Amino acid sequence: MLDRALEVVFPLRCAGCGSGPWPFCGRCAGALIALEPPWCSRCGRPTEVPADRCRDCPPEPVALARAPFLFDGPARAAVLKLKFGGWRTVAEALAAAMAEMGFAAAMAEMLLPPADVVTWVPLARRREAERGYDQAKALARPLARRLGLPASQLLRRTLGTAPQARRSAAERRAALRGAFRSIRPAPASVLLVDDVLTTGATAAACAEALLGAGASSVALVTAARAVPGRLPLRYARGGFPSGSVVARGGSPVVDASRGRNDPRKATVGR
Ligand SMILES: [Zn+2]
Ligand SMILES: [Zn+2]
């Protein structure tokens with residue numbers, strides 16, 4: 001019933017621009033920047049040649065990380081709607097992309113042992129109360145459903161943390177140490193969901209708490225990823241792999257036939 005009410009307040013419209021058809025209108029789907037191999041096999045950052053690690057890998061306790069989209073353009077707009085605009089239904093569109101791009105399922109299998117559960121980076125309770133929902137949980141539940149895995153809250157945030165935008169990676173890690181506590185035993189293999197991967201400090205703090213609660217491996221899946229520094233040349237003007245999530249029967253699907261050579265404005269090297 002709550003979902004119904006939310007649909008009336010926030011009807012299912014394009015998660016990027018807010019006016020085209022759900023989940024992403026043709027224009028926004030074409031402007032999504034998909035993160036694709038060759039990449040760092042550990043964290044999914046696109047690279048010129050395949051790599052096992054990169055300098056943008058999240059800190060150690062996070063075994064693997066993947067995101068379907070660069071945190072830019074319509075993907076950034078969608079995450080901001082989810083985080084700050086109260087558009088909870090955007091989570092369904094992003095979770096569909098996270099599942100349809102195939103890597104979440106692949107990661108669930110790549111983990112040793114394969115993933116047992118999907119959990120999320122919890123918001124501080126006060127923030128959740130202000131917003132009315134926890135955006136990472138809103139992503140985790142539909143993703144778990146699509147992967148056929150249970151979703152379970154395993155962590156609680158014990159510290160409200162200050163905005164982190166201007167802190168260094170080391171400062172972020174120090175500030176987050178002990179910020180999460182497990183609230184129940186963790187199974188061996190956990191898929192952790194968050195909205196955006198930046199430095200990975202938050203995910204690392206969560207992974208530490210999960211390992212302390214009995215997990216043996218933790219992989220991170222986010223809706224988008226901020227990539228510091230330059231992207232590989234194939235992402236330069238006219239050649240970047242476009243997002244391939246298109247609306248088809250109300251559900252995004254991966255369309256491999258398009259998106260290789262679309263000349264569009266690229267956002268490289270920010
Ligand atoms: Zn749109
Ligand atoms: Zn990496």
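A cavity here is a set of points on a 1 Å grid over the protein atoms alone where a 1.4 Å probe fits but cannot get out. The model is predicted, with local features needing pLDDT of at least 70, side-chain atom pairs counting only at pLDDT 80 or more, and totals for chains, interfaces and linings using all residues. Residues are numbered from 1 along each chain as its sequence is written, ligands are numbered from 1 in the order in which they are written, and side-chain values use heavy atoms, without hydrogens and water.

I noted about 40 Å³ of space in the largest cavity, the volume being the space filled by probe spheres set on the points. Its lining (residues with an atom within 4 Å of a point) consists of Arg 173, Leu 176, Arg 177, Ala 201, Ala 205 and Glu 208. Helix H9 gives the largest share, three residues; helices are DSSP runs of H or I, at least four residues, numbered from the N terminus.

I then turned to the zinc ion (ligand 2). I listed its protein donors (N, O and S atoms within 2.8 Å of the metal, or 3.2 Å for Na, K and Ca): the SG atoms of Cys 40, Cys 43, Cys 54 and Cys 57, 2.3 to 2.4 Å from the ion. Along the chain these donors follow the spacing C-x2-C-x10-C-x2-C.

Conventions
On a 1 Å grid over the protein atoms alone, a cavity is a set of points where a 1.4 Å probe fits but cannot get out, and a pocket is an open set with protein on both sides within 12 Å along at least five of seven lines; lining residues have an atom within 4 Å of a point. Helices (H or I, at least four residues) and strands (E, at least two) are DSSP runs, numbered from the N terminus.
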